[in-house]
Amino acid sequence: MSKLVIANFKMNGSKEFIANWVKDFHEENESNKTIILALPSPYLSNFKDSYLNLAGQNVSNQSSGAFTSQLSAQMLKDCGAEYCLIGHSEARQYLMETNENIKQKFDQLAQESIQQVLCIGEPLVIKEASKTTDYLLEQLELLSSDQENIIVAYEPIWAIGTGLTPEIEDIQLAVDCIRGRFNKSIKVLYGGSVNSSNAANISAKTDIDGLLVGGASLNPKEFAKIAQLC
Ligand code: PGA
């Protein structure tokens, strides 16, 4: 099955930047991977009819109503999102999201048949205390062990945007822990300082189903290389 490679633009880019990115990426991309673009929401609908798969970066835990500033799953769907990140550590940190909120978001997306990409990962203190797997299992408590069709992205917080990546064995340990939590087969991605120098190694030496790429995805050539190497 084709691996998934997600570009998480975070709060970067502009209409012009993204249009150029899409053109340049199209010229460079030689991979047969499933490419997913998690764009800032205002730009999603501009690329609704393009060859790309689109993802939202977050969603409301409510379906509609007096929730100024929020976006519902239905709105994301209207704009072309087939996937949506939830539980990204930056949303957990800056928007004070809890596991309970994230479970509600998960359910909102399910109602619109948007594929959830649940991001989990430990902070440095937990890693240093060798408690990573306990921490990941706690973050996964929101899902039933019979959950199907879920994509989990393992993103150690201390690896995001820092240039640091875990040892290969530690990625595989986390991936095994995540897979082992479910009765059915699920997809597990790795994210955190992925670039074209480490993508091949991470991909070849673990059994991940793909990569979630932040900073390095903003350069279309670099992202095309990562997709090729994954
Ligand atoms: P990074 O971000 O690749 O810049 O570390 C990954 C992410 O936050 O999804």
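The model is predicted, so local features need pLDDT of at least 70, side-chain atom pairs count only at pLDDT 80 or more, and totals for chains, interfaces and linings use all residues. Residues are numbered from 1 along each chain as its sequence is written, and side-chain values use heavy atoms, with hydrogens and water left out.

**Around S217**

- S217 sits in the loop that runs between β8 (210-213) and α9 (220-229); helices (H or I, at least four residues) and strands (E, at least two) are DSSP runs, numbered from the N terminus.
- With a relative accessible area of 0%, S217 is buried; the term means under 20% relative accessible area, while exposed means over 50% and partly exposed lies in between (1.4 Å probe, protein chains only).
- A polar atom of the S217 side chain lies 3.3 Å from the backbone oxygen of V213. For reference, a polar contact is a pair of N or O atoms within 3.5 Å; within protein, one must be able to donate a hydrogen and the other to accept it, and residues adjacent in sequence count only if both atoms are side-chain atoms.
- Leaving aside residues up to four places away in sequence, S217 touches A7, N8, F9, W21 and F223, where contact means heavy atoms within 4.5 Å.

**Salt bridges: the count and a buried pair**

- The count of salt bridges comes to five, each being a side-chain nitrogen of Lys or Arg within 4 Å of a carboxyl oxygen of Asp or Glu.
- One of them joins the side chains of E97 and K105, at 2.9 Å from N to O.
- E97 is buried at a relative accessible area of 10%, and K105 also counts as buried, at 7% relative accessibility.

- R179 forms a salt bridge with D207, and the closest N and O atoms are 3.5 Å apart.
- This pair links distant parts of the chain, 28 residues apart: R179 belongs to helix α7 (residues 168-180), and D207 to the loop between α8 (199-205) and β8.
- R179 counts as partly exposed at 22% relative accessibility, and D207 is partly exposed with a relative accessible area of 36%.
- The side chain of R179 also meets that of D209 in a salt bridge (3.1 Å, N to O).
- Here too distant parts of the chain are linked, with R179 in helix α7 and D209 in the loop between α8 and β8, 30 residues apart.
- Through shared partners, these salt bridges join R179, D207 and D209 into one network.
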